[in-house]
Protein chains: 2
Amino acid sequence: MAEGLFKDLREHSIAEFFRKNSQMLGYNGKIKSLTTVVHEAVTNSLDACEESGILPSITVELKQPDDEMVFVRSKDNGPGIPKKHISDVFGKMLAGTKFHRNIQLRGQQGIGIAGVTMFSQMTTGKPVEIITVTKEEAWDIELTIDIRKNKADILTQQEIKPKPEETGVEYLANFKEVQFSNADQSPYEYLRRTALANPHAEITYIDPSGARINFPRTAQELPERPIEVPPHPKGVIVDDILLMAKSSTNHTVKGMLQTELSRFSAAKGEELQKHVEFDLGMAPKKVSWTEAEQIVKAFKKMSFLAPATDCLRPIGEKNIEAAMQSILAPEFLSVIERRPTVYGGGYAFQVEVGIAYGGHAGRKLASGEQRWEIMRFANRAPLLFDAGGCALMKAAQDVEWNRYGLKGIDNLPVTIFINLISTHIPYTGAGKQSVSDINEIVEEIRFALMDVGRKFNRFHSHKRLLQEHSARRNTFLKYVTEIAPVMADMLNRDKKDIEPKWVKLVEDHVGETIDAEPGEEGIPEEPEGKKGALEAEDEIEELEEEKPKKGKKGGLSDYM
Amino acid sequence: MAEGLFKDLREHSIAEFFRKNSQMLGYNGKIKSLTTVVHEAVTNSLDACEESGILPSITVELKQPDDEMVFVRSKDNGPGIPKKHISDVFGKMLAGTKFHRNIQLRGQQGIGIAGVTMFSQMTTGKPVEIITVTKEEAWDIELTIDIRKNKADILTQQEIKPKPEETGVEYLANFKEVQFSNADQSPYEYLRRTALANPHAEITYIDPSGARINFPRTAQELPERPIEVPPHPKGVIVDDILLMAKSSTNHTVKGMLQTELSRFSAAKGEELQKHVEFDLGMAPKKVSWTEAEQIVKAFKKMSFLAPATDCLRPIGEKNIEAAMQSILAPEFLSVIERRPTVYGGGYAFQVEVGIAYGGHAGRKLASGEQRWEIMRFANRAPLLFDAGGCALMKAAQDVEWNRYGLKGIDNLPVTIFINLISTHIPYTGAGKQSVSDINEIVEEIRFALMDVGRKFNRFHSHKRLLQEHSARRNTFLKYVTEIAPVMADMLNRDKKDIEPKWVKLVEDHVGETIDAEPGEEGIPEEPEGKKGALEAEDEIEELEEEKPKKGKKGGLSDYM
């Protein structure tokens, strides 16, 4: 009986797994599936260009050969891919270059684009075509995936002669079970948001009608390349130390830690020695769980410099402001970038958020109702789906917006922009549309949002103050015209002598009040300096202090 | 340059992938991680028992050897696992027996329990221990996973002599980065809900304090074993036909379809021949995309019997009712089971839902506020996390509850029970906590909820009617006492003659009205027959018809 259950036991390939569970890769729903295709192609292209120091120019073209089929062509100006690697990149899942690199990249799993090849083949039976041009060679290749073996089958390969002058990769594939649309979650919206978060990229989108939409490059320089940094001591777990020790070529544990971790200096090595009960001069191979555990516990007690900022490359406050300003033309806009920090596993991350109010901010429903809009990005790639389970969404919902003058925010004309960047984004699934709600990440985003919320509150109070002020002024002026004749009569003077003095009095006092502390109550003209990762308590205390102060009241009432 | 990017290209194992992305397996958050461990162990045990015709008795014990560590022991009375398969089952991801079987099982991916082994090792560095007793052999084995190779390393193995009399598997492992709790999403709650949805299982839970909680077996018979059925023609995609054809041992396509699909008879073969432009007598190996596509297109036009009901085993309306009644003691309860149907990929599925109102239904927050509660199950396994992105949740939210007298349902004392059963649950991720929002599934659940909603509405109208009625009666009776003396005076009769007649008149008419159509307006005493998978239009028409009718008005006003 026990044996009977196991007669069919066998090992399955990762490709078989994802063929059966293609929804886990983002292939569920016809609109979503098409956007997933575009997402995978474009993120690969952006990564390749940036890693090679090339300003990206990307073209995505969609065609509808027939009612059911959509053809996608995606072309970049990257360095191209050597022919010998084409099979692994486009036709094998979990083959990748980015898996163990501690660097901020859009791709990280080595599943995405091979998944696209699989989805094309699953729905159309056709191979995909890849045209690759490197400085050395140029090829036109057709391939399919052998699902059982998780391995590419190259069907045709043709050298291109003469070789085109520009390097790059062009990926051409057909899909069924997809649907072209220009809706909220369409390729168009995906590319629009990609352009928003990547001002250094030029993106051209050609839709099935032949319409050509160009998102021009608005930043003429590549973001500086992030520097690959080793894990941070504050984030490593015991098992990481053991894995490190297993493959280390260092002669001592101390040396290994200096090589493999960031912010771990020789001095830190000496400090660590005081915390552990074994000699850090021992060979890494001899490290057992007990020693590794002592190391990690000691790390918890020690202090280290925060992760280097150059392993992460935020979009930048100015870039985000410019982009949101140009698209949304809001009444109020504030953008905050927080300092990099680290979450479990030693991965550095950083958040930047923006809030726009009024103008074209928010979403208008077909019914005319107003809703807020939350634009989520992970390593500058837009997240359009699965908001329900996403840490970015959760953080936005967790903020008590009514404390910041944004009561009922979900029905206000508000757009919130959140970009999470990290050397390893903890996605909830291989479809990469939603970030797992790791506590450290949710809190950082929440603090950042509270920051911009406070700024909104000041703007809002200022606006309200202006309104109240103007109302007061009008009231006083109304009294002037009523009181002046009476006063004139009482004092036996001409009304014309009295009235201008009263008006001046009102204007001097009620006019002056609001500008008494310029910048303090108004909208800051420059973004403030970057805020650190404060503790919850700090933030809350700060909030108390910053409660909107009313402008100084003028002394007019003394006259009444 | 192009080559430089690929110097680190290599293939990673699925275990490496999930070690780095353990959040995708449900290992994010300390409480969730512990519940995931219990979930994986218990679902494997339930599957093994049921497949072997054994009434499950499962014990889960948690201990806290120190502040950071939690020890989990999970034991079943299944058939045991032969020693030679232990490595693959507990120490290799994507090795499994269930992957290609079209049968309703809790496990389906071959990842879960190997993931538990990996998580134990990642957080404690310790091996896991497995004690397996089959009729033939009994072993005590310790193993770890070689993450790079996705392969078990057996550390110790010891034959147990004398062999214990009872067969079964006992899994023992230690974990850090977990937290014991008795909260909403704890192992306790997980087991409580498992018991609710599996009345044929006996579950014992021993918490770290030594407290022993027994969820007794309330159904003394195993649910009939689901029959493994081949894919249904209405659900297969072109690629499925091609894969089938590639490995078929049949001589003709027609024969292959009869063998490989359910509901495809010889007669259907003849019908199909009329729809396709090639001879179904051709060899399967020769089938290309074009032919396979013709077959699938023809299937869309043809009609087939619905999937056999015996491939799916719902919990059953009576069992769900009994369970919800005993736990929630609600004021109103209604349970509906829909007929099996099929979603893309040929997978049969079925939904059963219940709604309870009043009594202990819903959730009380610490603040005393009332919230609704949605209990989600997939193949009888509770889903406690990631509700935000789940099709079951979405369906519940999509219903316009105010049409059914449940305005503001999220603040009402309402518990909604949803069980989705299928030969393949389309989870959003390998963590299996959330179901992808496949349209067919969302709609089926929505229709089922609308059904129970209508029943609630009748109950609710009835209740409201009773209240209105009683108010009317009291009004009339009040008039009687005022009118009777006047009438008596007018007619020159004794008040005592008049009044009883008037009272009788009121009671006859206002008393009778509400019972005029017993059962029609009242709560149905028996669940109605199973409803089929109706079209949206049908449902809506039905809804219109069923708008609460007021009871017939009595003729009393004629007397006034």
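A:Val353 stands opposite A:Ile418 in strand E18(A). This pair belongs to a predicted model, in which nine bridges join strand E13 (residues 347–357) of chain A to E18(A). The two strands run antiparallel. E18(A), residues 414–422, has nine of its nine residues buried, so the strand is largely enclosed by the rest of the structure.

**Helices H2 and H4 of chain A**

- Helix H2 (residues 30–51) and helix H4 (residues 112–124) of chain A have axes that come within 9 Å and cross at roughly 140°. That angle makes H2(A) oblique to H4(A).
- The crossing of H2(A) and H4(A) is left-handed.
- H2(A) brings A:Ser33, A:Val37, A:Glu40, A:Ala41 and A:Asn44 to the contact. They meet A:Gly112, A:Ile113, A:Gly115, A:Val116 and A:Phe119 of H4(A).
- By class, five nonpolar, four polar and one charged residues make up the contact of H2(A) with H4(A).

**Contact between chains A and B**

- Chain B puts 51 residues into the contact and chain A puts in 50 residues.
- On the side of chain B that touches chain A, at least two residues each come from strands E1 (10–11) and E4 (95–96) and from helices H1 (14–20), H2 (30–51), H3 (83–91), H4 (112–124) and H6 (238–247) of chain B.
- H6(B) gives the most to this side, with three residues.
- By class, the side of chain B that touches chain A has 22 nonpolar, 19 polar and ten charged residues.
- Strand pairing also spans the two chains: two bridges join strand E4 (residues 95–96) of chain A to E1(B), and these strands run antiparallel.
- In that pairing A:Ala95 stands opposite B:Glu11 of E1(B).

Technical notes: Residues are numbered from 1 along each chain as its sequence is written. Chains are lettered from A and ligands numbered from 1 in the order in which they are written. This is a predicted model: local features need pLDDT of at least 70, side-chain atom pairs count only at pLDDT 80 or more; totals for chains, interfaces and linings use all residues. A residue is buried if 20 or more other C-beta atoms lie within 10 Å of its own, exposed if 12 or fewer, and partly exposed in between; C-beta atoms are placed from the backbone. Helices (H or I, at least four residues) and strands (E, at least two) are DSSP runs, numbered from the N terminus. Two strands pair if DSSP finds at least two bridges between them. Two residues are in contact if their C-beta atoms, placed from the backbone, lie within 7 Å. Ala, Val, Leu, Ile, Met, Phe, Trp, Tyr, Cys and Pro count as nonpolar, Asp, Glu, Lys and Arg as charged, and the others, Gly among them, as polar. Axes are lines fitted to C-alpha atoms, for helices over the stretch in contact, and angles run from 0 to 180 degrees between N-to-C directions. Angles under 35 degrees count as roughly parallel, over 145 as roughly antiparallel, 65 to 115 as roughly perpendicular and the rest as oblique. A crossing is left-handed if the near helix is turned anticlockwise from the far one by less than a right angle, and right-handed if clockwise.
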